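Thanks for coming. I have one structure to go through today, so please look at the sequence and the model while I talk.

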Amino acid sequence: MTIKEIKELLKGDVSEEKIANLEKDPRSGVQKLLISYRKKQKKLFEKKQAFLERFLYEKQFWQKGQLVAGVDEVGRGPLAGPVVTAAVIIDQDFDLLDVNDSKKLSPEKRLKLYPKILEEAVSVAVGVKNAQVIDQINIYEADRQAMAQAVNALDIKPDALLVDAMNVPVDLPQIELIKGDAKSNSIAAASIVAKVFRDKLMDDYDKIYPHYGFSRNAGYGTKEHIDALKQYGPTHIHRKTFAPVSDFFK
């Protein structure tokens with residue numbers, strides 16, 4: 001085989017027998033390809049192991065024949081836009097290795113995973129509370145209500161919840177996990193769904209209010225956003241109780 005052919009071969013699944021034969025090949029180019037192949041295989045193995053470890057909490061329920069939903073939120077800190085939550089139920093067949101804490105993934109990776117999660121999950125639902133609700137009851141309570149909204153919107157009722165560092169006001173057993181989106185695939189999937197859903201909303205708001213850069217800052221207080229606030233004032237989706245937006249209502 002030519003080195004080019006071997007390079008193509010090593011892009012797929014290769015049997016141990018073929019690898020053993022290639023190791024006998026004296027060409028330095030082939031040996032370099034094998035070193036690269038082994039590194040990639042090692043990285044993939046570690047990725048799979050980490051993925052399987054993130055089923056630890058789900059397995060506690062699956063072993064009892066129960067369904068558990070992961071719940072997460074996005075949008076607590078921005079000056080504008082809603083808080084968005086997601087509830088996701090997955091099962092033992094869930095195999096999206098790239099699912100992880102949404103903050104660790106690129107926007108492109110999240111966008112690719114979003115439809116795959118919707119396809120593979122047992123059930124997915126979203127909760128949204130706008131700026132007016134946030135101003136009325138505070139961001140923490142709005143967050144909790146949005147989580148409850150997402151859980152109650154699931155078309156299959158879970159037996160329990162795994163939640164990222166929050167308590168959801170629903171009558172279900174719950175495990176609250178600090179940095180849960182890095183410890184549970186259910187919560188990680190929910191974090192991706194919530195993030196992609198909210199980013200799309202903010203992209204749409206950017207078309208309505210083009211001066212604030214919402215498609216770039218998702219409502220967070222970047223310099224571009226603050227400068228636009230000073231020049232144009234707050235919009236309907238700004239949170240009046242959040243500084244410096246609150247300065248406009250004194």
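Is D98 buried, exposed or partly exposed? This is a predicted model, and in it D98 has a relative accessible area of 23%. The cut-off for buried is under 20% and for exposed over 50%, so D98 counts as partly exposed.

One is with K47, at 2.2 Å from N to O. D98 sits in the loop between β2 and α5, while K47 belongs to helix α3, residues 28-53, so this pair ties together parts that are 51 residues apart in sequence. K47 has 37% relative accessibility and counts as partly exposed.

The side chain of D98 also meets that of K109 in a salt bridge, here at 3.3 Å, N to O. This pair again links distant parts of the chain, the loop between β2 and α5 and helix α5, with the two residues 11 apart. K109 is partly exposed, at 31% relative accessibility. Taken together, K47, D98 and K109 are linked in a network of salt bridges.

The count for the whole model comes to 16 salt bridges. Another of them pairs D204 with K207, the closest N and O atoms being 4.0 Å apart. Both residues lie in helix α8, three residues apart, about one turn of the helix. D204 is partly exposed at 28% relative accessibility, and K207 is exposed at 65%.

D72 is in strand β1. D72 is buried and has no salt bridge. Which side chain of opposite charge is nearest to D72? That is K103, which is 5.7 Å away, and a salt bridge needs nitrogen and oxygen within 4 Å. Beyond its neighbours within four places in sequence, D72 is in contact with V84, T85, A86, M147, D164, D181, I187, A190, S191 and A194.

On the pairings themselves: β1 and β2 run antiparallel and are joined by six bridges, with G70 standing opposite V88 in β2. β2 and β3 are also antiparallel, with seven bridges; there, T85 has G127 in β3 as its bridge partner. β4 and β5 run parallel and are joined by four bridges. L161 has Q174 in β5 as its bridge partner.

How many residues of β2 are buried? Seven of its seven. In a regular strand the side chains alternate between the two faces of the sheet. In β2, V83, T85, A87 and I89 point one way, V84, A86 and V88 point the other way, and all are buried.

Last, the nonpolar cores. The largest has 28 residues, and those with the most contacts inside it are V88, I90, F94, V99, L113, I117 and I192. At least two residues come from each of α4 (56-62), β1 (68-74), β2 (83-89), α5 (107-120), β4 (160-164) and α8 (185-208). Helix α8 gives the most, with eight residues. Apart from this core lies another, of 16 residues, among them A69, V151, L161 and V168.

Not counting residues up to four places away in sequence, I90 touches F55, W62, V68, A121, V122, N185 and S186. L118, in helix α5, is 28 residues from I90 in sequence and 10.0 Å from I90 in space, C-alpha to C-alpha. L118 has 40% relative accessibility and counts as partly exposed.

That is what I have. I will take questions now.

Key
Residues numbered from 1 in each chain as written. Predicted model: local features only at pLDDT ≥ 70, side-chain atom pairs only at ≥ 80, totals over all residues. Heavy atoms only, no water. Core = buried A, V, L, I, M, F, W, Y, C linked by side-chain atoms within 4.5 Å. Buried < 20%, exposed > 50% of the residue type's maximum accessible area, 1.4 Å probe, protein only. Contact = heavy atoms within 4.5 Å. Lys, Arg positive; Asp, Glu negative; His and termini not counted. Pairing = 2+ DSSP bridges.
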